[in-house]
Amino acid sequence: MALEVAVKAAAGAPHLPGDCPFSQRVLLTLEEKKVPYKSHLINLSDKPEWFLDVNPEGKVPVVKFDDKWVSDSDVLVGSLEEKYPEPSLVTPPEFASVGSKIFSSFVTFLKSKDSSDGSEEALLTELKALDEHLKAHGPYVAGEKISAVDLSLAPKLYHLDVALEHFKKWTVPAELTHFHNYKNLLFSRESFQKTKAAKEYVIAGWAPKVNP
């Protein structure tokens with residue numbers, strides 16, 4: 001039986017997946033594990049009644065396990081790993097936090113209006129650290145096989161790519177070759193192509209945060 005999963009719909013296009021990296025992370029996990037699922041695309045500015053009935057907080061993503069809707073992408077990814085252990089996506093503990101500060105550094109730099117506040121340097125430091133890690137351990141964070149940490153990073157790196165190019169005309173330096181190879185590896189996976197939001201919806205999602 002297919003698992004039911006509720007994720008964000010694209011703003012203005014309720015039949016398409018939206019720009020929530022946490023929703024995409026859960027969909028990527030389902031795709032990589034080949035778990036059959038049925039997606040409910042939720043318009044977050046006009047949430048359907050049934051959705052609020054089963055999930056009063058109104059957050060996405062949520063997955064229905066044994067008649068209970070469960071939220072929080074960390075919890076969901078852990079539950080999917082338990083219930084569907086093959087193929088394993090477990091990240092070795094020593095690699096679990098690789099790249100974990102990239103997303104917050106990206107958001108700070110994206111919202112920054114002051115080019116001398118150090119936010120660009122802080123992001124570059126995190127990206128260089130990931131590049132160095134991949135140089136030593138790649139092509140994925142934990143080596144030859146994709147794992148949960150990659151599925152968490154992939155949507156965030158996509159947002160970073162799309163939003164910084166659009167709003168800041170900024171791209172990751174070409175010399176971070178291991179980073180670029182990694183990103184291309186992730187973005188070219190079938191699971192990613194099937195679950196990503198179109199660039200215009202990623203841009204639309206960040207626009208109010210960049211220019212409030």
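**First stop: helix H4**

The buried residues of H4 pack against H1, H5, H6 and H9. Contact here means heavy atoms within 4.5 Å. Buried means under 20% relative accessible area, exposed means over 50%, and partly exposed lies in between, with a 1.4 Å probe and protein chains only. Helices (H or I, at least four residues) and strands (E, at least two) are DSSP runs, numbered from the N terminus.

Two notes before going on. This is a predicted model, in which local features need pLDDT of at least 70 and side-chain atom pairs count only at pLDDT 80 or more, while totals for chains, interfaces and linings use all residues. Residues are numbered from 1 along each chain as its sequence is written, and side-chain values use heavy atoms, with hydrogens and water left out.

Now select Ile-102, Phe-103, Ser-105, Phe-106, Val-107, Phe-109 and Leu-110: these are buried in H4. Seven of the ten residues of H4 are buried, so the helix is largely enclosed by the rest of the structure.

Pick out Val-107 in helix H4. Val-107 has a relative accessible area of 17% and is buried.

**Second stop: the nonpolar cores**

A nonpolar core is a set of buried Ala, Val, Leu, Ile, Met, Phe, Trp, Tyr and Cys residues joined through side-chain atoms within 4.5 Å. Which residues have the most contacts inside the largest one? Select Phe-106, Leu-123, Leu-127, Val-141, Tyr-182 and Trp-206 to see them; the core has 41 residues. Color by element next. Helix H4 (102-111), helix H5 (119-137), H6, helix H7 (177-187) and helix H9 (199-210) each give two or more residues to this core. H6 gives the most, with ten residues. Apart from this core lies another, of twelve residues, including Leu-3, Leu-30, Val-70 and Leu-80.

Return to Leu-123 and show its surroundings. Beyond its neighbours within four places in sequence, Leu-123 is in contact with Ile-102, Ser-105, Phe-106, Phe-109, Leu-160, Leu-164 and Trp-170.

Show H6 with H7. Their axes come within 10 Å and cross at roughly 105°. Axes are lines fitted to C-alpha atoms, for helices over the stretch in contact, and angles run from 0 to 180 degrees between N-to-C directions. Angles under 35 degrees count as roughly parallel, over 145 as roughly antiparallel, 65 to 115 as roughly perpendicular and the rest as oblique. H6 and H7 are therefore roughly perpendicular to each other. On the H6 side, select Asp-150, Leu-153, Ala-154, Leu-157, Tyr-158 and Asp-161; on the H7 side, Phe-179, Tyr-182, Lys-183, Leu-186 and Phe-187.

The axes of helix H1 (residues 21-32) and helix H6 (residues 148-168) come within 8 Å and cross at roughly 135°. H1 and H6 are therefore oblique to each other. Pro-21, Phe-22, Gln-24, Arg-25, Leu-28, Thr-29 and Glu-32 of H1 meet Leu-151, Ser-152, Ala-154, Pro-155, Lys-156 and His-159 of H6.

Zoom in on Gln-24, in helix H1. Is Gln-24 buried or exposed? Gln-24 counts as buried, at 5% relative accessibility. Setting aside neighbours within four places in sequence, Gln-24 is in contact with Pro-155, Phe-192, Thr-195 and Lys-196.

**Last stop: the loops**

Most residues other than glycine have a negative phi, and most peptide bonds are trans. The next selections depart from that.

- Glu-86 to Pro-87: this peptide bond is cis, with omega near -15°. Pro-87 sits in the loop between helix H3 (73-83) and H4.
- Gly-138 to Pro-139: this peptide bond is also cis, with omega near 10°. Look for Pro-139 in the loop between H5 and H6.
- Asp-67: phi is positive, near 70°. Asp-67 is in the loop between strand E4 (62-65) and strand E5 (68-71), and is exposed, with a relative accessible area of 69%.
- Asp-72: phi is positive, near 80°. Asp-72 is in the loop between E5 and H3, and counts as partly exposed at 41% relative accessibility.
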